[in-house]
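These are my notebook entries on a structure that I went through one region at a time.

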Amino acid sequence: AKKNVGGRPIVVVGLMGCGKSSVGKRLAFKLNLPFVDADDEIERAAAKTINEIFADHGEAHFRAGERKVIARLLGNGPQVLATGGGAFINPETRLRIKDVAVSVWLRAELPVLMRRVSKRDHRPLLRDGNPEATMRKLIEERYPIYAEADMTIDSRDEPHDVIVTEIINRL
Ligand code: S3P
């Protein structure tokens, strides 16, 4: 990185399908930092998939676990941490991230998000009803909150490597 992030974790936030994991992995590789995926860590801690956690215990239980796991991970020092789309929306988690990390919002438009979420299956929020209507509602509700991140990166549907370079240039 050009600028010293002071050993703080870099936390990638944004909606489902915006590329948090793919971009986060490449960013970590370029910066020679460990990459951590919060959703994977939640699944590991619960010994269940995200779908199972939602189905067996409900969203509130998932959110409580998410909060705890992220608080723990943020204590691990320099890393690139990709978070699930709802993590930064929780006020307690957001304050903690703002306090100890550098946050990067990957902003993407609806068609890009919709194209990318069809590929993966850990998204119980999109399972019922009309996924596009749900996504549109999440954009409305969450974009003003993601905007509180330290850095906003507009994906413009660019290749991940271009996005990673832009992030590094702005660190
Ligand atoms: C969620 C996003 C998912 C996962 C869970 C809830 C959300 O992560 O944490 O399904 O509330 O936006 P991704 O953003 O990695 O898909």
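Which residues are around the ligand? I list Met-16, Lys-20, Asp-39, Ile-50, Gly-84, Gly-85, Gly-86, His-122, Arg-123, Pro-124 and Leu-125, where a residue is near a molecule if its C-beta atom, placed from the backbone, lies within 6 Å of it. By class, I noted four nonpolar, four polar and three charged residues in this shell, with Ala, Val, Leu, Ile, Met, Phe, Trp, Tyr, Cys and Pro taken as nonpolar, Asp, Glu, Lys and Arg as charged, and the others, Gly among them, as polar.

Before going on, I note that this is a predicted model, in which local features need pLDDT of at least 70 and side-chain atom pairs count only at pLDDT 80 or more, while totals for chains, interfaces and linings use all residues. Residues are numbered from 1 along each chain as its sequence is written.

**Core**

Of its 39 residues, the ones that touch the most other members are Ile-10, Val-12, Val-13, Val-104 and Leu-106. Leaving out residues up to four places away in sequence, I found Val-104 touching Ile-10, Val-12, Val-13, Ala-149, Met-151, Ile-153 and Ile-167, a contact being two C-beta atoms, placed from the backbone, that lie within 7 Å.

Ile-167 itself sits in helix α8 (residues 160-170), helices being DSSP runs of H or I with at least four residues and strands runs of E with at least two, both numbered from the N terminus. Ile-167 counts as buried because 24 C-beta neighbours lie inside 10 Å, the cut-offs being 20 or more other C-beta atoms within 10 Å for buried, 12 or fewer for exposed, and partly exposed in between. Beyond four places in sequence, Ile-167 is in contact with Leu-27, Val-104 and Ile-153, and its C-alpha atom is separated by 8.4 Å from that of Met-151, 16 residues apart along the chain.

**Cys-18**

I placed Cys-18 in the loop between β1 (10-13) and α1, and it is buried, because it has 25 C-beta neighbours inside 10 Å. Not counting residues up to four places away in sequence, Cys-18 touches Leu-106, Ala-108, Leu-113 and Ser-155.

**Helix pairs**

For α3 (residues 50-57) and α4 (residues 59-74), I noted axes that come within 7 Å and cross at roughly 130 degrees, the axes being lines fitted to C-alpha atoms over the stretch in contact, with angles from 0 to 180 degrees between N-to-C directions. The pair is therefore oblique, given that angles under 35 degrees count as roughly parallel, over 145 as roughly antiparallel, 65 to 115 as roughly perpendicular and the rest as oblique. The contact uses Ile-50, Ile-53, Phe-54 and His-57 of α3, and Glu-59, His-61, Phe-62 and Gly-65 of α4.

The axes of α4 and α5 (residues 91-100) come within 10 Å and cross at roughly 10 degrees, so α4 is roughly parallel to α5. Arg-67, Ile-70, Ala-71 and Leu-74 of α4 meet Glu-92, Thr-93, Arg-96, Ile-97 and Val-100 of α5, and this contact has five nonpolar, one polar and three charged residues.

**Positive phi**

Most residues other than glycine have a negative phi. I therefore looked up Asn-32, which is exposed with 8 other C-beta atoms within 10 Å and has a positive phi near 60 degrees; Asn-32 is found in the loop between α1 (20-31) and β2 (35-37). Ala-47, in the loop between α2 (38-46) and α3, has a positive phi of about 55 degrees although it is not a glycine.

Definitions and conventions. A nonpolar core is a set of buried Ala, Val, Leu, Ile, Met, Phe, Trp, Tyr and Cys residues joined through C-beta atoms within 7 Å.
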